Amino acid sequence: MGNVILEEKLNYNNNFYYQLRINASDNGGKCHGSETVYQSSAVYAYIQVVDLPDLDPEFTRTPYMASVKEHSDIGQSVITVSAVDQDTGIRDKIIYSIHDSTEDGLFSINQDGLISVSSAIDREEIGDTVILTIKAKETELNIHGNEATATAQVTITIVDINDKTPTFYQCADSNCVQADSFSGEVLEHSLGAVFINMTIKDADKNAQTLLSLEGEGKEMFSVQPSEAFSDSEVQLTVKNPGDLDYEKIQQVTLQVIAEDKGDENLRSTAEVTISILDANDHSPVFTNDTYDAKVPEHCPDGTVVAVITAEDPDTMDQGKITYSLLPESILQYFDVEPTTGSVYVKNGDLLDREIRALYSVTLQARDSDRKPGSAVLEITVTDINDKTPVPNRGTYQEFVREDGNLENVRIEATDGDEPDTPNSELVFTIEPGPYSMNFSIDPDTGVLTNNGPLDREDIDPALDGKIELRVNISDKGEPPLSTVVQVVINVQDVNDNKPEFEKPFYNFTLSPSLCSTGIMVGSVYAEDKDQTAEFNRISFSIVEGSFGSFMISSVAYAPGYLGNVRVDQDVELDYEGERKSFRLQVEARDLLQEKAKATVEVHVLDVNDERPMFRPIPAAEVEENSKETGPIGKFDAVDADTNSSLVYELVSVSCRCGGDEKPCDWFVLEPNGEVKVNPEATIDYESCDQATVEAQVVDENTEKGESNSASPGEMVIDIKDVNDNTPEFIYSKSVFVVVSESASQGTSVAQVSATDRDSGINAQINFKVSEVQFIDINGGNPDNKIVFEAITTRQDDSYVGIIQSTEKLNVEIRGKYLVTVDATDTGGLTNSTKLEIFVIDEGYRNELRFRAPLFQIQAQKEEIISMKYCCTDSAKACYFLLRESEVTIMTAYFTYGNGTAINGDTLLNTLSKPENLIIMDSFDLIFVGTGGPEDPKTSPLWYGLFGMIAGFVVVTAVLTTSLLCTRRNFRRKLKAANAMKSASTVMSDNQRGGQVVPGTNLYTMEGANPVLNLNIDPGIALDLGEDSDVDRVSLNSLDIRNDMTVIEKDTQPIMKTSREEDRDSGIPDHIEPLGAALAQRDLKIRSNNPLLGDTNPVFDTTDL
């Protein structure tokens, strides 16, 4: 038995599971040899270690560091700590608590290890860091009976927020007191710092404070530093010492602004008062650098010359300035009071102007520091007035034109006193006298001038233009001395006055009985104020308005002249002449052509002897059907007589109807010339679009001659259209068909045309399909929904409605559509018409080809498609023409009133008749064909039919062989067919008037045989009767589909042309007479257009 023994302590956390391999062996022995053999076997043992609570808990993710902003909310999470039981097999629950804290009560922890804020936090009070000791304890005791605990430190950084305002302090030693008012002193004009004992503090961490200045002294100082930190000393620095002037300002008050750089709202202000100290920095200063003073010669001693003082702004120099005169040599003449600055005469006897007239003295001033200041005093010794002025001439004589000015007239005099002094300065004045107000003299220079233009006419004629002036010459001394000189002015006359009429307007009248030649009309008066005869003589003339009827003469009439106006000797005035009044412009001139004008009106009295005349009469307009009661126009006439009385009389009223003028009674004329609508008449624009009223005017006050106008007046009245006519459809003989197989949405199938007798916008028409009714030939009752629409266009003077399908038509029905089309004008007036649109099969399409050009066929189309040549009496034709290469193609459908149509067989039989063939040949018909629908899809039934046809072909081959033996001579009949047209011109006296069939004794018309005297049917003779079994497909061998046509001048054709490829371009070997005849006519065209033929070997003359 083997025991497993524990050799050392087990640790569950290191290894909680062991796997042992236990080997069991014997002690060995010999087996079949000398060697010892050991036998053994092994087994595995598994040992599970059971954990016991022997380890303390352990904090994870240490160390713990966190941060929280100051003033955070209560309960805000900070950090979560976590501890685990190291006994991993047990894992007791952990309980957390704050074991220790550098600041109590700020934080709390819950059982999940979450640390949160429990009270207000202020970083500035508790500091930047709080260290917590967190204890983790297991709920169960360990194996030793003790608590299993662990601790961990949590460092919480208190994050500062910018919440403190910068604060100013005054500090002494280490004690600082908060303050908001500071003071300092500075010497004027000095530089450097100004101590104000200011400290700025901000309790926030890393605080930055911006410092600035405000107030009246902010430009004189600067603050240092401009940006402070948490605790900084602040001082002011003089920035502009020149502004520190005690004499200007003694105290400066400014504000230091401290603003938190992080929050501009955190700011504080401190007021700083700076006292400026005075310094003795100024010298005495005189107001002026130089002073002037005057003193009369020989004046008494002590006479004060001037009192001059200096100023010193320094406070220490107030009242301490002393004065003195320099140089010392001047002191014998003048001296100064030392304290007052009063300069006075020291010895007046020495002052003699004739010896020395000017003294220059230096006046000096000193302050308390002996700083000097000086000024120059110039003392002038004045003269005594004792000389009288003396003129240079005894008398002055001057000449001047009355329109001129005195030039270079100067009164001159001299004075013996000192020059340039009042005693020698002269003053010139004009003493009052006749005409002295017209002149002035410069008081200083003595220049004599006239005050304005001189007028010789204002001077007394007795003076003969002479003006005498007295000029006084005086000096400026005290007392003044003066003398007088005479000046004579001779004013010369000039022509400065023009003639002046007594009145600006004259009015004269003339009676027709007195209007003889040379008669006196009246006089005008004018005067010229010039004083000399050469300038005041006047002549008159008529410069305007006379028209050769008047003349004027000049007669002296003191003090002026008369202008006598007379009728010209060669003129006799008449009121009925060209002018009834004259407005004369009369001109008065002196000898130098100075002139004036006056207006003279001459009126010739009237006699009523003139005929009235019409003025231009503007055209009038009126709406048709108008019942206007007021005037629509008015005649206007004039009469040259002034007392006329005009009455208007109607001569005639005519209307323009279709280009012709005819009398009408639409308008009446009132005696006052007003034209009105005749209430008993009806105005119709569609009948007549214009009226002319002719009138005569009569003067009831005529005294002599004719009283009416020489020619009547005419008033043109334009009739305005109104919307009173309904649209009218234009009749058309067109037949409209639609092939339902090819009609899709938007296919044009018909058209209508309409006009409106109204004009302009009233004539505009719009078409609309209002009803569609279908009549089925099979008696069905289809849905009558509107499957067509109308598209409105305009062509020339009418409107066209293109009828188009709005959807693909039903191909199963046959019959005709009755389409109701409404035509409505802009006024809402409507008219309707009903169209028949036949629905037919494509197989009823018939095609005729002509060598004749398109215009010729177009002109003869009615004859070609007439019922006499083409169809039965009850059929209608719908045809379309187009020109292709050298061939004109007519595609036609021939329909009956019930919607059925003529097929190709019926048409071919009709055209095969000789009488119709000859007529159609006259239109150069070269081909006749039919159309049919497309082959249906192959079905199994056709295969059985093909078998039957194969058997029928065998039988037909046998029959054909037998028929070949009995057929007639083909060449003879072919020549007969070719000669049919030319035979119509061969006539004989013994013939009965029909065409002769060459090579035979038969006639093609009325067929009288000259031998047998029998009537023979040419259809039978040529084997072209209706019962002939000839394959008529040969006449339709050209299968070109012309489903649509091009209508000339139609920009939206009703039907378009499509073309299929030809089946065969070979020329058929015609063995049928009619086909041969047509083929020869078509041979030339076939050579140019290989698409016009089709070989049909089935058609054989044996069938005839």
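Modeller: Happy to. Let me begin with a charge over a ring: Lys 201 lies over the face of Tyr 169, and the distance to the ring centre is 5.0 Å. Please keep in mind that this is a predicted model. A second case involves Arg 579, whose charged end sits over the ring of Phe 547 at 3.5 Å from the centre.

Now to rings that meet other rings. A pair of aromatic rings is described by the distance of the centres and the angle of the planes. The count here comes to 15 aromatic pairs. One of them joins Tyr 525 and Tyr 557, with 6.0 Å from centre to centre and 85 degrees between the planes. Planes over 60 degrees apart count as edge-to-face, so this pair is edge-to-face. The pair links distant parts of the chain, since Tyr 525 belongs to strand S43 (residues 520–527) and Tyr 557 to strand S45 (residues 550–557), 32 residues apart. Tyr 525 has a relative accessibility of 14%, so it counts as buried.

Compare that with Phe 729 and Phe 767: their ring centres are 6.2 Å apart and their planes stand at 50 degrees, so this pair is tilted. Phe 729 lies in strand S59 (residues 728–729) and Phe 767 in strand S62 (residues 765–776), so the pair ties together parts that are 38 residues apart in sequence. Phe 767 is buried, because its relative accessible area is 3%, and buried means under 20%. There is also an aromatic cluster, formed by Tyr 333, Phe 334 and Tyr 359.

S6 pairs with strand S13 (residues 147–159) in the parallel sense, over 6 bridges, and Tyr 64 has Val 154 in S13 as its bridge partner.

For an antiparallel case, turn to strand S53 (residues 646–657) and strand S54 (residues 660–663), which pair over 4 bridges. Cys 655 has Lys 662 in S54 as its bridge partner. This hairpin has 2 residues between the strands, and Gly 658 takes a positive phi near 60 degrees there.

Conventions
Residues are numbered from 1 along each chain as its sequence is written. This is a predicted model: local features need pLDDT of at least 70, side-chain atom pairs count only at pLDDT 80 or more; totals for chains, interfaces and linings use all residues. Side-chain values use heavy atoms; hydrogens and water are left out. Rings of Phe, Tyr and Trp (its six-membered ring) pair if their centres lie within 6.5 Å; planes under 30 degrees apart count as stacked, over 60 as edge-to-face and the rest as tilted. Buried means under 20% relative accessible area, exposed over 50%, partly exposed in between (1.4 Å probe, protein chains only). A charge sits over a ring if NZ of Lys or CZ of Arg is within 6 Å of the ring centre and within 35 degrees of the ring normal. Two strands pair if DSSP finds at least two bridges between them.
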